[in-house]
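Here is a short report on ring contacts and helix packing. Please keep the model open as you read.

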Amino acid sequence: MNIQFESADQINGLMTITIEKADYEEKVRKTLNDYRKRANVPGFRPGMVPIALIKRQYGTAVKAEEVNRLLGEKLYEYVRENNIRMLGEPLPNEEKQQPQDLAGDGPFTFVFDIAVAPDFKAELSAKDKIDYYDIKVDDKLIDDQVQMYASQAGEFVEAQEWTGNDTLKGDLRQLDAEGNTLEGGIETEGGMIMPSYIKGDDEKKKFDGAKPGDIITFNPKKAYPNNDAEVAALLKVDKEKVKDMESDFSFQITEIRHFQPAAVDEKLFERVFGEDVKTEAEFRDRIASTIKPQLAGNSDYKFMIDVRKYMEKKVGELTMPEALLKRVMLQNNKDKGEEFVEKNFRASIDELKWHLIKEQLVAANNIKVEEADLKAVAKEAIRAQFAQYGMSNVPDDVLENYAAEQMKKRENIDNYVDRAVETKLCAALKQVVKLNVKETTLDKFNKMMQEA
């Protein structure tokens, strides 16, 4: 086997691989003999089929498979051993690659275009100054969290008068032009209305001060303009049935359901954090301690965005093998065509530039991801999911079990690796560069992220 690599320039390479008969012959012979042992051909005893017959039937296919295996193995081995920073996949050269007759003995010659990463340095030190936004855990943030926990532990109670976001339950009857119940019209028992969600202001006002037993006349189509789906759901009928409907309806209120948040007391403290939290002061302190890591995650995310911008500016423009990379992108998106490539190519190059920069930063800071790192990322992701439902006191063994299940899926592992690398790189870079710490509130931080 002969492998040659030529560089037309620093970012475009040409690899020629020639495979001789001696490279594949022994493996093909062994494979065909294995086929012979297992072949079941009429007229021959098992294992006694003539090898010439096996070659005629399977020889070319077995040879093609072995040549392709050797081709891929040796190509990537050469790239690895010679430290060629290949981008994407190698592609057959459109001018020099000739058709190969695999029915013959060879030699077989394959010519590939190789996209090579540009040579540059991505370095950070204490001389580099990057902003870091430290988000304060202020009283407003804690108050909002207390309110959320109280709402999650709340319940619906009966009320005697509608206010705010109360839900009204009652019976609906379609009316005729004179305001009487329409014979054969729509009648619905147990309809549910939240007046605060009614779009038509005139219709919404009709529910002010509503009490159980009141009969309110309103027009559903005016209450929910241009929303036949909402009207149909209220009346519990098919959407087509309300398409041309203009009738008023009577709504006799049978029940008003008011949502009552839980009291901020020891019962709520125990529900959220367990028995070791007894007072409101302890409750608020614990909330602060759980919020702070979440806010730190937001700060780290913004920091890495700023690191990217800083490094892209510091590194400057990189010359990429764009023509070849467009071919690679088209090869990977054959179903989407050239228009897709042209539309998305620039963004793809920007992502590739950051990927190459990050590779150097990861190597410079000796970032390595172990299984324990993946499990920590998985547990943190699961902990955040539980927290969305107000479950902030999940036992560690429960998180361990969930994490173990998540890590059985290949697609999850790839995601966890990326997140672990990002987390460890962020922690390392915060120790390397000079942080320009800026204290801010969550509201200001979110506004800044929206405007970015």
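## Charges over rings

In this predicted model, the charged end of Lys336 sits over the ring of Phe340, 4.7 Å from the ring centre. Lys326 does likewise with Phe345, at 5.2 Å from the centre. A charge counts as over a ring if NZ of Lys or CZ of Arg is within 6 Å of the ring centre and within 35 degrees of the ring normal.

Residues are numbered from 1 along each chain as its sequence is written, and side-chain values use heavy atoms, without hydrogens or water. The model is predicted, so local features need pLDDT of at least 70 and side-chain atom pairs pLDDT 80 or more, while totals for chains, interfaces and linings use all residues.

## Helix 9 and helix 10

Helix 9 (residues 322–332) packs against helix 10 (residues 337–364) at about 120°, with axes 9 Å apart. Helices here are DSSP runs (H or I, at least four residues), and strands are E runs of at least two, numbered from the N terminus. Axes are lines fitted to C-alpha atoms over the stretch in contact, and angles run from 0 to 180 degrees between N-to-C directions.

Helix 9 and helix 10 are therefore oblique to each other. Angles under 35 degrees count as roughly parallel, over 145 as roughly antiparallel, 65 to 115 as roughly perpendicular and the rest as oblique. The contact (heavy atoms within 4.5 Å) includes Lys326 and Met329 of helix 9 and Phe340 and Phe345 of helix 10.

## Helix 7 and helix 8

The axes of helix 7 (residues 266–273) and helix 8 (residues 280–315) come within 10 Å and cross at roughly 25°. That makes helix 7 roughly parallel to helix 8. Leu268, Phe269, Val272 and Phe273 in helix 7 meet residues of helix 8 including Phe283 and Ile287.

## Aromatic pairs

The whole structure holds ten aromatic pairs. Rings of Phe, Tyr and Trp (its six-membered ring) pair if their centres lie within 6.5 Å; planes under 30 degrees apart are stacked, over 60 edge-to-face and the rest tilted. Tyr35 and Tyr58 pair edge-to-face, 5.0 Å centre to centre, with 85° between the planes. Tyr35 lies in helix 1 (residues 21–38) and Tyr58 in helix 2 (residues 51–81), so the pair ties together parts 23 residues apart in sequence. Tyr35 is partly exposed, at 26% relative accessible area. Tyr58 is partly exposed too, at 31%.

Phe207 and Phe218 are also edge-to-face, 5.5 Å centre to centre and 70° between the planes. Both Phe207 and Phe218 are buried. Buried means under 20% relative accessible area, exposed over 50%, partly exposed in between (1.4 Å probe, protein chains only).
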